[in-house]
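Visitor: I'm new to reading protein models. Could you walk me through one?

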Amino acid sequence: MNESSAMQTLPAIRRPLSPRNQFLIATGIIALAAVIEWAMGRIPISKSGRIMLWVGDPKSSELSQQIADWYSFSHILHGFLFYGAIRLISRRKWSPAFCLLLAVFVEAAWEVFENTSFCINRYRAVTASQDYFGDSILNSMSDILFAIFGYILARHIPVWLTVACIVVIEVGLLLAIRDNLTLNILMLIHPIQSIKHWQMAV
């Protein structure tokens, strides 16, 4: 297959999308994730019926139900990591629009998986989040938007500043709630009881 044929086969990868089409596709991906979560039985908003901008209490029943909480910072890190991984894989051959949409798709797919019974039960069994029963759709969609923000931010700031932000966020979360993205991944993949007991001793 010559280069001309490849361009016709995969136009989104090599050719830029218009801002309007990029917005519509991203919105469609997010909306599809919301519909899937609705079909899975996720609630649109918190059972309390309230909509809050921020939840700061890590023990609150409103955690993972409102627009933002401490874990929103972890989703910003998702965006950082997606940007780095996609840039490495694509070797700058894919269009910026396609790369962003790929990041949106991956984050949306993660949000759907995170709210499956399998993943919820895994969180409850091996992490300190024993009262976790899944996200509200509002929180889940907000998490996707935070990841998009992180991706766009990483695209526009120097690498050293991105790394500094990662360190600050991870250390800050560790001090604030005894949890962060690194520990979250570690505990899901290879639970360590001593860490779990430390996290729960608040």
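Guide: Let's take confidence, a core, a helix and some ring pairs in turn.

Visitor: How far can I trust what I'm looking at, and what is the mean pLDDT of the chain?

Guide: Keep in mind that this is a predicted model. The chain has a mean pLDDT of 93, and 93% of its residues reach 70 or more. Residues 3–7 are another story, with pLDDT below 50. Beyond near neighbours in sequence, that stretch has four contacts in the model.

Visitor: Okay, on to the inside. Which residues touch the most other members of the largest nonpolar core?

Guide: That core has 26 residues, and the ones touching the most other members are I30, A33, V104, M141, I144, I148 and Y151. Now look for who supplies it: α3 (19–39), α4 (72–90), α5 (96–114), α7 (137–156) and α8 (159–177) each give at least two residues. Another core, of five residues, lies apart from the largest one, and its members include C119, I120, Y132 and L188.

Visitor: Can we zoom in on one helix? What span should α4 have?

Guide: Count 1.5 Å a residue, and the 19 residues of α4 should span 27 Å; the end C-alpha atoms are 27 Å apart, so the two agree. Then ask what is hidden: the buried residues of α4 include H75, L77, F80, Y83 and I86. Among the elements covering the buried residues of α4 are β2 (68–69), α5, α7, α8 and α9 (181–189).

Visitor: What about W110 and F113: how are their planes set?

Guide: Their planes are at 50° and the ring centres 5.8 Å apart, so the pair is tilted. Both W110 and F113 lie in helix α5, three residues apart, about one turn of the helix.

Visitor: Is W110 buried or partly exposed?

Guide: W110 counts as partly exposed, because its relative accessibility is 26%. F113, at 37%, counts as partly exposed too.

Terms used:
Residues are numbered from 1 along each chain as its sequence is written. This is a predicted model: local features need pLDDT of at least 70, side-chain atom pairs count only at pLDDT 80 or more; totals for chains, interfaces and linings use all residues. Side-chain values use heavy atoms; hydrogens and water are left out. pLDDT is the predictor's confidence in each residue, from 0 to 100. Contact means heavy atoms within 4.5 Å. A nonpolar core is a set of buried Ala, Val, Leu, Ile, Met, Phe, Trp, Tyr and Cys residues joined through side-chain atoms within 4.5 Å. Buried means under 20% relative accessible area, exposed over 50%, partly exposed in between (1.4 Å probe, protein chains only). Helices (H or I, at least four residues) and strands (E, at least two) are DSSP runs, numbered from the N terminus. The expected span of a helix is 1.5 Å times one less than its number of residues. Rings of Phe, Tyr and Trp (its six-membered ring) pair if their centres lie within 6.5 Å; planes under 30 degrees apart count as stacked, over 60 as edge-to-face and the rest as tilted.
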